[in-house]
Amino acid sequence: MSPATAGRKRTGRTRDALLGAVGVLVAFAACEVLSRSGMVRRAFLPPASEVLVRAVELGGDTAFLNGVGATLEAWATGLALACALAIPLGLLLGSVPAAGQAARVLIEFLRPVPSVALIPLVSLLLGAGSETTVALVTYACVWPVLFNTVYGLGETDPLAEETLRAFGFGRLAVLLRAGLPSAAPFIAAGVRIAAATALILAVAGEILAGFGEGLGTFIAQAGMATDGTRDVLAGVVWAGALGLVVNLALTAVERRLFPWAPEHRGSRV
């Protein structure tokens with residue numbers, strides 16, 4: 001890639017970051033003005049500056065940080081289980097057409113079922129605690145990783161596969177030497193999408209369950225308290241910040257591991 005093209009890509013990323021920062025500042029100013037001007041009651045929308053100060057204060061609250069740690073633990077466990085299940089299954093379904101056809105009906109039946117709708121059933125089976133959140137996160141995260149794995153295998157270069165077969169490599173060797181490297185960027189993208197879904201679902205599941213320990217539980221309990229709107233919004237700020245950090249970290253890992261992928265090409269020049 002030419003230096004001019006790489007420069008344009010860097011300029012584009014800088015512009016996007018600046019526009020994102022401007023959007024955040026505009027939203028912050030709008031909330032501040034609406035609250036302090038009296039157009040919206042403070043009980044419903046506290047000033048953004050007070051919410052931000054409260055979010056910073058929560059960073060020194062040990063009990064709150066323990067709850068955040070519990071949410072992140074459930075998030076990481078569910079995501080890891082989903083990857084451990086979805087990647088091998090995706091490789092099987094993508095490399096063996098008969099298996100893919102046989103599983104299609106079951107997958108299309110289960111995929112549309114929202115994970116949140118399973119909260120009562122899973123809570124009844126597993127009881128209160130992180131096990132419920134882990135199970136829900138795992139179920140939700142399996143699908144993006146699974147479909148990206150299958151799709152990535154479909155993008156494997158047929159010439160590379162035929163060359164390996166011509167040299168006597170078997171089906172498994174061809175899959176590991178040609179199919180898996182081709183699918184790896186797609187799998188990484190699926191994991192990144194699943195990570196965001198997992199964090200949203202972990203917090204939402206804790207909010208709807210209303211018990212246990214976690215960031216969502218803090219938000220749910222603050223919502224039931226008198227004048228708890230500021231704490232609710234401060235918890236939401238933490239959830240959004242965690243999601244942003246996770247997404248940025250996984251994007252950086254993708255760029256480092258798969259610089260040849262079209263969306264990352266030139267990002268390290």
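I began with the second largest pocket and asked which helix gives the largest share of its lining: α4, with 6 residues. I take helices as DSSP runs (H or I, at least four residues), numbered from the N terminus. The model is predicted, so to speak with care I note that local features need pLDDT of at least 70 and side-chain atom pairs 80 or more, while totals for chains, interfaces and linings use all residues. Residues are numbered from 1 along each chain as its sequence is written, and side-chain values use heavy atoms, with hydrogens and water left out.

For a pocket I used a 1 Å grid over the protein atoms alone: an open set of points where a 1.4 Å probe fits, with protein on both sides within 12 Å along at least five of seven lines; lining residues have an atom within 4 Å of a point.

I found 13 lining residues in the second largest pocket, with Leu93, Gly100, Gln101, Arg104 and Val150 nearest its centre. At least two residues each come from α3 (62–95), α4 (97–110) and α6 (130–154). I noted a volume of about 280 Å³, meaning the space filled by probe spheres set on the points, joined across faces, edges and corners.

Next I turned to the largest pocket, at about 740 Å³. I counted 23 lining residues there, and Gly20, Val24, Gly240, Ala241 and Leu244 lie nearest the centre. Here α10 gives the largest share, 10 residues.
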